[in-house]
Amino acid sequence: MSAARAGDELRVGVIGLGWAGQQHIAAYDALAGARVVAIAGLEEPVRDQLATRYGIDEQVARWEDLLELDGLDAVSVAVPTFLHAPIAIAALERGMHVLCEKPIALNGAQAEAMVQAARTAGLVLEVAFNHRQRGDIQELKAVVDAGRLGHPYYAKAWWLRRTGIPTVGSWFTRAELAGGGPLVDIGVHVLDYSLFLLGNPDVVAVSASTYDLLATAGFGASPGFTKTGATDDRTFDVEDLASVFMRLADGGTLLVEASWAAHRRDGDEFGITLYGTDGGAELIVDDYAPKGALRVFTDDDGAAVATTVPVKTGRGHRAVIEQFAQTIRSGDWRGHDGSGAAALARIVDACYRSAAEQREVRLDS
Ligand SMILES: NC(=O)c1ccc[n+]([C@@H]2O[C@H](COP(=O)([O-])OP(=O)(O)OC[C@H]3O[C@@H](n4cnc5c(N)ncnc54)[C@H](O)[C@@H]3O)[C@@H](O)[C@H]2O)c1
């Protein structure tokens, strides 16, 4: 197995063919200089359909068989979270670069093992945080970087669903397979884009609460989700709502909320409010709209001004996969070892510990 060099076609395998894996396949297909040559997934009809649609030569059911194929430069890992670490580590040990879906792994310890495997192999390990690639988040980042808010010292960010539990009884609702509920599933996107917007300050302490009151009472299943591997219609041992107060190293505060089930208005909403010394900003995205509503609030010589900022549609997974391919081609792989995503995993671990022990947990000691 050889790592691709500039000018070579990048030969990729995609493991996992649910919504996420299909985003990866479509994005590689749209990218000049990259080709999906093999796919792995347990559903034969889905494999057949994707192989035909994208002209993919090899298809196998199990990930182990995909890693045995010759000539792969890189793999995308888009399987249930408990499989991320074993697959990523095995692929890195066989000389392949890895793009892994979020969350990086079940917990910080697994994430650290993945980072070590990438460093030992001297190969790229990236994690797909497509939300920070949205056009509205990128525009808000430009607003922050241009100094329009001054120093942003307080942020509240959320991803909330009224009835959005991904299939009850599937891997998503089982702690040993998913690592947790909405906090590690959608909350990790919120954490990623929030810290990105705030300039990546270290999180020094967290205080979290988690609840499972609605899901365990039978409320909140989403009719829209069909996840693989459902074993029964009852197993639910993760939270359905999480709320976290985070102290940042620069003195700032970040609040994060994530729910799969809550008595609130219908739909699926994520966003962020930022308060800075010179201005504030608010981004709200309803039901996965390609463009959210972004407003900036400033004080112009004593007058309170609210400006609606136009945003572009972002490129999500396409941008993630372009950057992954570009990094591989650049030959400069230092720092592309998954350590940023591993830091998020340690923060999520601390949140679950805080909720379980009902106290603030520090990350800086
Ligand atoms: N970035 C995003 O916005 C985003 C969105 C959805 C899901 N995800 C992430 O992507 C991953 C997959 O989520 P999903 O919603 O697509 O899940 P899914 O359950 O719909 O699909 C999982 C896929 O993995 C395959 N799989 C399971 N065990 C396998 C094995 N032993 N060998 C080969 N393939 C196997 C299944 O056959 C299926 O094709 C998760 O980590 C999830 O957190 C990310």
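Visitor: Which residues of helix 9 are buried?

Guide: The buried ones in helix 9 are Gly187, Val188, His189, Val190, Leu191, Asp192, Tyr193, Ser194, Leu195, Phe196 and Leu197. Buried means under 20% relative accessible area, exposed means over 50%, and partly exposed lies in between (1.4 Å probe, protein chains only). This is a predicted model, where local features need pLDDT of at least 70 and side-chain atom pairs count only at pLDDT 80 or more, while totals for chains, interfaces and linings use all residues. Residues are numbered from 1 along each chain as its sequence is written, and side-chain values use heavy atoms, with hydrogens and water left out.

Visitor: What does that say about helix 9 as a whole?

Guide: Eleven of its eleven residues are buried, so helix 9 is largely enclosed by the rest of the structure. Helices (H or I, at least four residues) and strands (E, at least two) are DSSP runs, numbered from the N terminus.

Visitor: And what follows helix 9?

Guide: Glycine 199 follows helix 9, and the phi of this glycine is positive, near 85°.

Visitor: How does helix 6 pack with helix 9?

Guide: Helix 6, residues 135–145, packs with helix 9 at an angle of about 25°, and the two axes are 9 Å apart. That makes helix 6 roughly parallel to helix 9. Axes are lines fitted to C-alpha atoms, for helices over the stretch in contact, and angles run from 0 to 180 degrees between N-to-C directions. Under 35 degrees counts as roughly parallel, over 145 as roughly antiparallel, 65 to 115 as roughly perpendicular and the rest as oblique.

Visitor: Which residues meet there, between helix 6 and helix 9?

Guide: Helix 6 brings Ile137, Gln138, Leu140, Lys141 and Val144, and helix 9 brings Tyr193, Phe196 and Leu197. Contact means heavy atoms within 4.5 Å.

Visitor: Now helix 1 and helix 2. At what angle do they pack?

Guide: Helix 1 (residues 19–29) and helix 2 (residues 44–54) pack at about 10°, with axes 11 Å apart. The two helices are therefore roughly parallel to each other.

Visitor: Which residues of helix 1 and helix 2 meet?

Guide: From helix 1 come Gln22, Ile25, Ala26 and Asp29, which meet Val46, Leu50 and Tyr54 of helix 2.

Visitor: New topic. Where is valine 60?

Guide: Valine 60 sits in strand 3, residues 58–60. This valine is buried, at a relative accessible area of 15%.

Visitor: What does valine 60 touch?

Guide: Leaving out residues up to four places away in sequence, valine 60 touches Ile39, Ala40, Gly41, Arg47, Asp65 and Leu66. Its C-alpha atom is separated by 8.6 Å from that of glutamate 44, 16 residues apart along the chain.

Visitor: And serine 222, buried or exposed?

Guide: Serine 222 is buried, with a relative accessible area of 14%. Its place is in the loop between strand 8 (203–211) and strand 9 (241–248). Not counting residues up to four places away in sequence, serine 222 touches Thr163, Gly164 and Ile165.

Visitor: One more. Where is aspartate 349?

Guide: Aspartate 349 is in helix 11. This aspartate is partly exposed, with a relative accessible area of 30%.

Visitor: What does aspartate 349 touch?

Guide: Asn107, Gly108 and Ala109, again not counting residues up to four places away in sequence. The C-alpha atoms of aspartate 349 and phenylalanine 129, 220 residues apart along the chain, are separated by 18 Å.
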